[in-house]
Amino acid sequence: MSSFKITLNDLNDTQILAKKIADSIEVPMIVTMNGDLGAGKTTLVREIILALGVTGRVKSPTFTLLEEYDISLGKVLHFDLYRFADPEEWLDLGFDELLDGNNCIAFIEWAERAQVLLKCTDWKIDINVINENMRELNINGQTDLGEKCLRKLIKAVEAS
Ligand SMILES: Nc1ncnc2c1ncn2[C@@H]1O[C@H](COP(=O)(O)OP(=O)(O)O)[C@@H](O)[C@H]1O
Ligand SMILES: [Mg+2]
């Protein structure tokens, strides 16, 4: 398992990284987002989704649990499991089949609330708040595909 750490000084840095992430990830892929409330999970995912070519509003799935988008490669599924009371809800709601049946990139906030996901996560992204605008990001590649995409991302960051 390899990992990559980067400091983001402000929202602009987050946006720049989001574009590089959009260019590095592949379908199908599962990315979990970890960090406190307000760390910037939704903000980063929103920027990645926009960089993948989605036009229009990218809403936080806080209340809906899931927002879906069509992209040229397939689908983007953006989950927020904060409201889960029980890890079984993931299976009860049919979310597992949704991941299996679609050519999709899934971003999952609060994935620790559905532990079944832990085994199949390609990237685990941890966001730490340094101060109002600064964030530290850790990306862990946890599968062969995750490692491959992480190498692409590291190359893109090093080239800039
Ligand atoms: N560098 C940064 N990257 C991401 N968000 C940032 C950054 N600097 C400030 N923010 C702010 O932090 C907040 C993050 O909120 P949000 O993305 O909803 O967090 P979460 O989904 O982790 O609860 C937003 O108000 C965003 O504008
Ligand atoms: Mg959020």
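Reader: How are α1 and α2 oriented to each other, parallel or oblique?

Author: In this predicted model, α1 (11–24) and α2 (41–51) are helices, meaning DSSP runs of H or I with at least four residues, while strands are runs of E with at least two, all numbered from the N terminus. The two helices pack at an angle of about 50°, with their axes 8 Å apart, where axes are lines fitted to C-alpha atoms over the stretch in contact and angles run from 0 to 180 degrees between N-to-C directions. Angles under 35 degrees count as roughly parallel, over 145 as roughly antiparallel, 65 to 115 as roughly perpendicular and the rest as oblique. The relation of α1 to α2 is therefore oblique.

Reader: How is α1 oriented to α5?

Author: The axes of α1 and α5 (residues 144–158) come within 9 Å and cross at roughly 140°. That makes the relation of α1 to α5 oblique.

Reader: Which helix gives the largest share of the shell around ligand 1?

Author: A residue is near a molecule if one of its heavy atoms lies within 4 Å of it, and there are 15 residues around ligand 1, of which Thr14, Gly38, Lys41, Thr42 and Thr43 come nearest. Both α1 and α2 supply at least two residues of this shell. The largest share, 3 residues, comes from α2.

Reader: What share of the exposed area of ligand 1 does the protein bury?

Author: Polar side-chain atoms lie 2.7 Å from an oxygen atom of ligand 1 in Lys41, 2.8 Å in Thr42 and 2.5 Å in Thr43, each a polar contact, that is, a pair of N or O atoms within 3.5 Å. Taken alone, ligand 1 exposes 580 Å² by the Shrake-Rupley method with a 1.4 Å probe. The buried share is 74%.

Reader: What is phi of Leu65?

Author: Leu65 is placed in the loop between α2 and β3 (66–71). Phi of this residue, which is other than glycine, is positive, near 75°.

Reader: How are residues numbered, and what pLDDT do local features need?

Author: Residues are numbered from 1 along each chain as its sequence is written, and chains are lettered from A and ligands numbered from 1 in the order in which they are written. Side-chain values use heavy atoms, with hydrogens and water left out, totals for chains, interfaces and linings use all residues, side-chain atom pairs count only at pLDDT 80 or more, and local features need pLDDT of at least 70.

Definitions and conventions:
Polar contact = N/O pair within 3.5 Å; in protein donor to acceptor, adjacent residues only side chain to side chain.
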